[in-house]
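Please look at the sequence and the model below before reading on.

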Amino acid sequence: GFLKCFLGALKMETTGMTGVSLKRGSHAVEDNGSLAPGEEVKRQKVSECCLSKGQDGIESDTLPSSQNVPAAPEAVSAWEGKKNSDAQLEDEEEEEEDGLSEEGEEEEEVESFADMMKHGLTELDVGITKFVSSHQGFSGILKERYSDFVVHEIGKDGRISHLDDLSVPVDEEDPSEDVFTVLTAEEKQRLEELQLFKNKETSVAIEVIEDTKEKRTVIHQAIKSLFPGLETKTEDREGKKYIVAYHAAGRKALANPRKHSWPKSRGSYCHFVLYKENKDTMDAINVLSKYLRVKPNIFSYMGTKDKRAITVQEIAVLKITAQRLAHLNKCLMNFKLGNFSYQKNPLKLGELQGNHFTVVLRNITGTDEQVQQAMHSLKEIGFINYYGMQRFGTTAVPTYQVGRAILQNSWAEVMDLILKPRSGAEKGYLVKCREEWAKTKDPAAALKKLPVKRCVEGQLLRGLSKYGMKNIVSAFGIIPRNNRLMYIHSYQSYVWNNMVSKRIEEYGLKPVPGDLVLKGATATYIEEGDVNNYSIHDVVMPLPGFDVIYPKHKISEAYREMLAADSLDIDNMRHKIRDYSLSGAYRKIIIRPQNVSWEVVAYDDPKIPLFNTDVDNLEGKPPPVFASEGKYKALKMDFSLPPSTYATMAIREVLKMDTSIKNQTQLNTTWLR
């Protein structure tokens, strides 16, 4: 019973920074403020309520990142975060329809997934080998129910974000509700094409039926508020009144929401709490910006949140009224916006204090005593602060290998690792693209095989077509910067995990002379006489770089040897391309979660929700009532973690199980849908 299917850790989101998603065995993560190679956001089809006619709901989801989730539909890359809005804007002209029927492919993909994962990574491959606690492990399932995994952001003031107020701040400056209904779907379509420069027209004229001054005012307000960048004027034509919309300031107008229509007394940013289900943060922002007809870069947030979860976080948007945002609650599935306020400043990445998790592990096998031991240990000692599996990709080509090749300046190898055919199943078009590349080494020919050009392979091939095979550095540079850096960060994480395992094996869970601790932001050594002034929770270890110091004990030599084995010099971590120079950083080796609580509950129906969400509470749903006896037992856990910490690794410590997809797939190849 011990190694029963545990999907739980795979569905974890790391706090603030990183998260893992599971969709029939796919693995996905967002890293705070970073970008996903291979990610193509398909054009969202939105409901008539907000955009054009006859389309209901948001049909499309993100496409899989070819880099890390070869066969899994509707997943994004396995360690990279989301494509940032600026990079997205530059590419907007090239946005393409996928043109593939994902549903048709899904059946065959599931069968090949177990085969594919034979080539995936295990924890051992990335240095995750130790546990801190002595209790006996047990198994449990965090099922493919994203509602079993809820994340609430903890803001910089330490408050946990909740959606508990849908009211709109009263503002006399806001236009009437009629602005949302006065224009027909066809008029909205024409105005949107004008706003986005999609046709040759320089203006759009809308006839005012039943002409009154009030009616004209509402049409003026509707155009200006729903289509930022357009100006309006009233014209008489053959005895009829027309409202004429035109561009105020050329192409720049869309990026700068209208300045003069915003009251001076009001903060420029509307802050709100976003509750979302089964969508990651950047996808959510793409959807919101599509509905509002603005560019995604006017939104800001403190951290990206996982897709396969229910998440609650704060978002800020420049010069969009709470009234317009609240209107989206009528149109959007799986989103709710509330807790609106106007503020002077946007939000900054990384400003959060962390995230609070509510996690349900279903069908647990542990005795009450085992569960109590495991949870007491998590609360009192904590867990090893490893980088989770999602940091390293899930395919036969781990991301840290690409990072290592970049650091070695082996550009032909970087190109080869990203483009060469690889073991395991992938989307058909990617397999064809790789085969074409292997056969011809012709970037243009390989690119023709890709319907989706924005994946990392497509971007690199486009770069090679543009700059030629002798200039791989420039070709690789076409990939958005944060994606490129994530490869080398993955290598740093790989080294760090291995070194921490060695440190714990060598010296156990107590500070020793030569360990490092932080005084402010500066690392200092623990001296012989100071050892008793510190605990293991104070000890940090460096991610390799030119601006860090290494411990003064055996582990220092281990760092040197590991890098030397990879043909890297620990004393020279500056790269001739400045972007790839690593300064390094320090990371605590043990994390003790805060606000830990848990309960074991009995239940009979595997589909029944085991706790209320913010939306359930807003709708007045009573909390679930548990029987004293039931067919199954579940462990419900609550805990808070600082940013950049993997909840997967906390769950791993509780269950004592390998959290890699490879291991889970071998245990259980029939994925729960």
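How many contacts beyond four places in sequence does the model have for residues 667–673, over which pLDDT stays under 50? The model has 22 such contacts for residues 667–673.

## Confidence in the model

This is a predicted model, and the mean pLDDT of the chain is 77, with 75% of its residues reaching 70 or more. Besides residues 667–673, where pLDDT stays under 50, there is the stretch of residues 1–114, over which pLDDT also stays under 50 and for which the model has 437 contacts beyond four places in sequence. Where pLDDT is low, the predicted coordinates should not be read in detail.

Eight bridges join E3 to strand E4 (residues 240–247) in the antiparallel sense, and Thr234 stands opposite Ile243 in E4.

## Salt bridges

Side chains of opposite charge can pair when their charged atoms come close. For this model the count comes to 21 salt bridges, one of which joins the side chains of Asp148 and Arg362 at 2.6 Å, N to O. Because Asp148 lies in the loop between helix H2 (102–117) and strand E1 (149–154), and Arg362 in the loop between strand E9 (354–361) and helix H7 (368–380), the pair ties together parts that are 214 residues apart in sequence. Asp148 is buried, with a relative accessible area of 1%, and Arg362 is buried as well, with a relative accessible area of 2%.

Another salt bridge, between the side chains of Arg434 and Glu457, has an N to O distance of 2.9 Å. Arg434 lies in helix H10 (residues 428–440) and Glu457 in helix H12 (residues 456–467), so this pair ties together parts that are 23 residues apart in sequence; both Arg434 and Glu457 are buried. The side chains of Lys241 and Asp236 meet in a salt bridge of 3.2 Å, N to O, where Lys241 counts as partly exposed at 24% relative accessibility and Asp236 counts as exposed at 57%. There is also a network of salt bridges that links Lys233, Glu235 and Arg237.

## A buried glycine

Gly388 has its place in the loop between strand E10 (383–384) and helix H8 (399–407). With a relative accessible area of 0%, Gly388 is buried, because buried means under 20%. When its neighbours within four places in sequence are left aside, Gly388 is in contact with Tyr646 and Met649. Gly388 and Ser493 are 105 residues apart in sequence, and their C-alpha atoms are 9.2 Å apart in space.

Note on methods
Residues are numbered from 1 along each chain as its sequence is written. This is a predicted model: local features need pLDDT of at least 70, side-chain atom pairs count only at pLDDT 80 or more; totals for chains, interfaces and linings use all residues. Side-chain values use heavy atoms; hydrogens and water are left out. Two strands pair if DSSP finds at least two bridges between them. Helices (H or I, at least four residues) and strands (E, at least two) are DSSP runs, numbered from the N terminus. Buried means under 20% relative accessible area, exposed over 50%, partly exposed in between (1.4 Å probe, protein chains only). Contact means heavy atoms within 4.5 Å. A salt bridge is a side-chain nitrogen of Lys or Arg within 4 Å of a carboxyl oxygen of Asp or Glu. pLDDT is the predictor's confidence in each residue, from 0 to 100.
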